[in-house]
Amino acid sequence: MNEKVINILLVEDSMGDIRLTQEVFKEGKIRNDLVYVKNGEDALAYLHREGKFADAVRPDLILLDLNLPRKDGRAVLDEIKSDSDLARIPVVVLTTSSAEEDIQRMYDLHANCFITKPFDLDKFITVAKSIQDFWFSIVKLPNSTNQPFKT
Amino acid sequence: MSFQDFGKSIDILLVEDNPGDIRLTQEAFKEGKVFNNLHVVNDGEEAVEFLYQRGKYKDVPRPDLILLDLNLPKLDGRAVLAEIKADTDLRRIPVVILTTSKAEEDILRTYDLHANCYITKPIELEEFINIVHNIENFWLSIVKLPKA
């Protein structure tokens with residue numbers, strides 16, 4: 001069976017959270033390739049395939065932390081959703097923040113959804129699995145060439 | 001287990017003209033873990049009236065989540081989506097497109113219009129219920145919704 005792969009861009013500066021997310025996504029039913037960058041500037045360079053990211057694969061889904069070095073996640077989200085080419089890529093904001101202003105503002109900026117990262121390990125894993133299940137198996141992502149065939 | 005903090009129950013607006021789908025969705029949401037109120041309108045014009053709390057809808061709550069079919073009488077779901085996402089007050093409400101269409105143009109166009117996610121309704125009954133349970137679990141228990 002010819003199986004397609006879902007490409008994910010994780011924008012996250014905590015190595016611990018990166019490793020956890022990688023582990024969870026590796027075990028998914030749907031084949032996926034998770035790439036990470038650790039700051040906001042790299043996130044945008046990756047999406048624009050600039051410099052060292054010239055060969056970057058366009059992601060089908062972006063997981064975006066808010067508190068990032070170099071360029072804040074809020075500014076990254078704003079740029080993505082203002083770009084006619086990139087705006088359609090779903091962005092899951094995944095952050096330690098549970099501040100109401102952040103929640104409202106990110107939805108105003110067209111974040112597709114906002115998730116507060118749990119501190120508890122088991123809950124973090126549950127959340128990561130839920131993201132995977134929902135966005136890979138339930139939702140239709142906006143790029144059919146990367147859609148896996150359903151088994 | 002819910003990651004959502006809320007003092008009240010969640011209000012959901014279902015914009016759907018198919019009575020069978022409405023019934024199924026109502027049943028599935030009733031079985032959910034999170035206390036919710038499902039409001040139903042049957043066409044795009046009613047959806048807009050509801051959201052702007054006009055006329056007979058002047059006392060309705062602002063929904064926390066919208067489930068939106070695309071092929072609707074009176075005003076198309078795509079037009080309803082465009083209106084919601086252009087309005088400074090309404091745009092933050094997450095819109096889950098729930099439609100029979102799997103057309104690539106529909107998928108791309110609705111994401112361009114800032115639909116929060118796009119789901120094709122399964123034809124099979126059990127799959128349909130499963131999808132609605134998944135929507136309920138993800139949007140009501142995992143995600144933080146903006147305060148209405």
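**Labels and their cut-offs**

Mentor: Let's begin with B:Thr110: setting aside neighbours within four places in sequence, B:Thr110 is in contact (heavy atoms within 4.5 Å) with B:Leu70, B:Leu81, B:Ile97, B:Ala115 and B:Tyr118. Please keep in mind that this is a predicted model, where local features need pLDDT of at least 70 and side-chain atom pairs count only at pLDDT 80 or more, while totals for chains, interfaces and linings use all residues. Residues are numbered from 1 along each chain as its sequence is written, chains are lettered from A and ligands numbered from 1 in the order written, and side-chain values use heavy atoms, without hydrogens and water.

Trainee: Where does B:Thr110 sit, and what makes B:Thr110 count as buried?

Mentor: B:Thr110 belongs to helix H4 (residues 104–112) of chain B; helices here are DSSP runs of H or I with at least four residues, strands are E runs of at least two, and both are numbered from the N terminus. Buried means under 20% relative accessible area, exposed over 50%, and partly exposed in between, with a 1.4 Å probe and protein chains only. B:Thr110 has 2%, so the label is buried.

Trainee: How do you know that A:Val37 is buried or exposed?

Mentor: Its relative accessible area is 4%, so A:Val37 is buried by that cut-off. A:Val37 lies in strand E2 (residues 32–37) of chain A. Apart from residues up to four places away in sequence, A:Val37 touches A:Leu9, A:Leu10, A:Val11, A:Glu12, A:Asp42, A:Ala43, A:Tyr46 and A:Phe53.

Trainee: Which residues of H4 in chain A are buried, and what covers them?

Mentor: In H4(A), residues 100–108, the buried ones are A:Asp102, A:Ile103, A:Gln104, A:Met106, A:Tyr107 and A:Asp108. Their cover includes helix H3 (73–82), strand E4 (91–95) and strand E5 (113–116) of chain A, together with H5 of chain B.

Trainee: What makes the radius of gyration of each chain agree with a compact globule?

Mentor: The rule is 2.2 Å times the number of residues to the power 0.38, with the radius taken over C-alpha atoms. For the 151 residues of chain A the rule gives a value near 15 Å, and chain A has 15 Å, so the two agree.

Trainee: How many helices and strands does chain A have, and chain B?

Mentor: Chain A has five helices and five strands, in the order β-α-β-α-β-α-β-α-β-α. Chain B likewise comes to five helices and five strands. Buried residues make up 56% of chain A and 55% of chain B.
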